[in-house]
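I opened my notebook to look up charged pairs and the sheet. Here is what I jotted down along the way.

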Amino acid sequence: MTDFEQLGAFYLGARVGDDFKRSDEPLLYDASDLTTHAVIVGMTGSGKTGLGVALIEEAAIDGVPVLVVDPKGDMGNLALTFPDVEGSDLEPWLDPSAAAREGTDLSVYAEEQAKAWREGLASWGQDGARVERLRRAAPVTVYTPGSTAGVPISVLRSFAPPPPAVLGDPEALAERLTATATSLLALIGRDTDPLGRESLLLTAVLDHAWKQGRELTLPDLIRSLQSPPVKQLGVLDVDLVIPAADRTKLALAVNALLASPSFEAWTRGEPLDVQRLLYEESGRPRVAVVTISHLSDAEREFFLTMLFSEVVSWTRSRTGTTSLRAIMYVDELFGMLPPVAEPPTKRPLLTLLKQARAFGVGLVLSTQNPVDLDYKALSNAGTWFIGRLQTERDKQRLLDGLKAASGAVDVGALGETISSLPKRTFVLNSVHSSRPALFTTRWVMSYLAGPLSREQIAKLGQLGLN
């Protein structure tokens, strides 16, 4: 397989026949199709992570920056690229107990793993030169908001105004205000209802400052909650909607966040700036892996809402294009885009699904839980990568979603295929193709060491890999 190096074509694997045997025909995915977004679905062990890593590697080689949301810690493996694939490269990332189970020394076990990895790459027509090309095209940086294990991201230093493109668009500004207010309320454990009185107060305070071009620090925000710069919320006096005593309780809750020992970690590091996440100062594209496996549920919801809202703002500030400009990859979508509930993360994701394609920004959303997805929202996705599903309920939910997204799908035939898919084999169903394609994923160039702990992420920096 030597004819897969084509600009704008992502080499994801090889086509397979109805017997699932690998052919010599590479599966090349048109990068421009990602502007209509993609969904990866499959049970644990189906090979979703490998497919996602392969897709991100191909984007990086083509110079397309990728922002990766990594809830489980798996995607930090993108930093583990070794052109020579020697045992000494892999040894720091291996579990000593695995070598012990094999009855061998760790260094010997590492050499065996390296040999297997080199052979795996070669079996897919890849070598050290291609790995080196990947490393040079787009470096990988692992970010850890709320932690200094990787590169920290400053989120709570201030609430700066969004760019002019958002400030000048009433609908976009309203979405940004609501997202910021509800995410902060989620972080401090308060009611996140956008129509709740605390949310309305926060929104009004932020709106007043942003329209004046001012950024609010947390101390500024606390003072503004006690003595609001606005006299009314809607047509009613502020004191009637939320009395002074209740405003003080809200201010105290925000102040407790400021006084928390863990607060400092949220104020250190690089600012939450999507342009800086996607590009180095030199203009070279980057693969930015934002790992959140160490965060609590409330912290995740807060950070992701802020991040997705920043992506919306960055996207709207670009010019329109039909080419793929950037990718946002979410490795596990569970809880972010549910069919009924309205977590703060849902609104910005819906906005991106509906509007990002016009600006060349593609979303790739991966999950093992089809029943937890809002398929009405995902009907905006033009590509579906479908791996094996565990239950009939999962399969039926997926088929219902596909049918809603594209009435031309042969649900019966597709259902039979999905039930019998082996590991690392996927159905590619795309609105850009006349029929689904069956393929098996290629060997990835990044070493898949498994989820990286905070200690291992810190080791990336120590070894010059981050």
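Predicted model: local features only at pLDDT ≥ 70, side-chain atom pairs only at ≥ 80, totals over all residues.

**Entry 1: salt bridges.** I searched the whole structure and found 20 salt bridges, each being a side-chain nitrogen of Lys or Arg within 4 Å of a carboxyl oxygen of Asp or Glu. Residues are numbered from 1 along each chain as its sequence is written, and side-chain values use heavy atoms, with hydrogens and water left out.

**Entry 2: Glu5 and Arg133.** I looked at this salt bridge and read 3.0 Å from N to O. The two partners sit in distant parts of the chain, 128 residues apart: Glu5 in the segment before strand 1 (9–16) and Arg133 in helix 5 (residues 128–137). Helices (H or I, at least four residues) and strands (E, at least two) are DSSP runs, numbered from the N terminus. Glu5 is partly exposed at 40% relative accessible area, and Arg133 is partly exposed at 39%; buried means under 20%, exposed over 50%, and partly exposed in between (1.4 Å probe, protein chains only).

**Entry 3: two more pairs.** Glu25 and Arg15 form a salt bridge with their closest N and O atoms 3.2 Å apart. Glu25 belongs to strand 2 (residues 22–30) and Arg15 to strand 1, ten residues apart. In helix 5, Glu132 and Arg136 are four residues apart, about one turn of the helix, and their salt bridge has its closest N and O atoms 2.9 Å apart. Here Glu132 is partly exposed at 27%, whereas Arg136 is exposed at 59%.

Entry 4: I traced an open sheet of eleven strands with mixed pairing, in the order 2-1-17-16-15-3-14-13-4-12-5; two strands pair if DSSP finds at least two bridges between them. At its edges are strand 2 and strand 5 (140–143), each pairing on one side only. From one strand to the next, the twist averages 25 degrees, with axes as lines fitted to C-alpha atoms, for helices over the stretch in contact, and angles running from 0 to 180 degrees between N-to-C directions.

I then checked strand 3 (residues 38–41) against strand 15 (residues 383–386): they pair in the parallel sense over four bridges. Val39 has Trp384 of strand 15 as its bridge partner.
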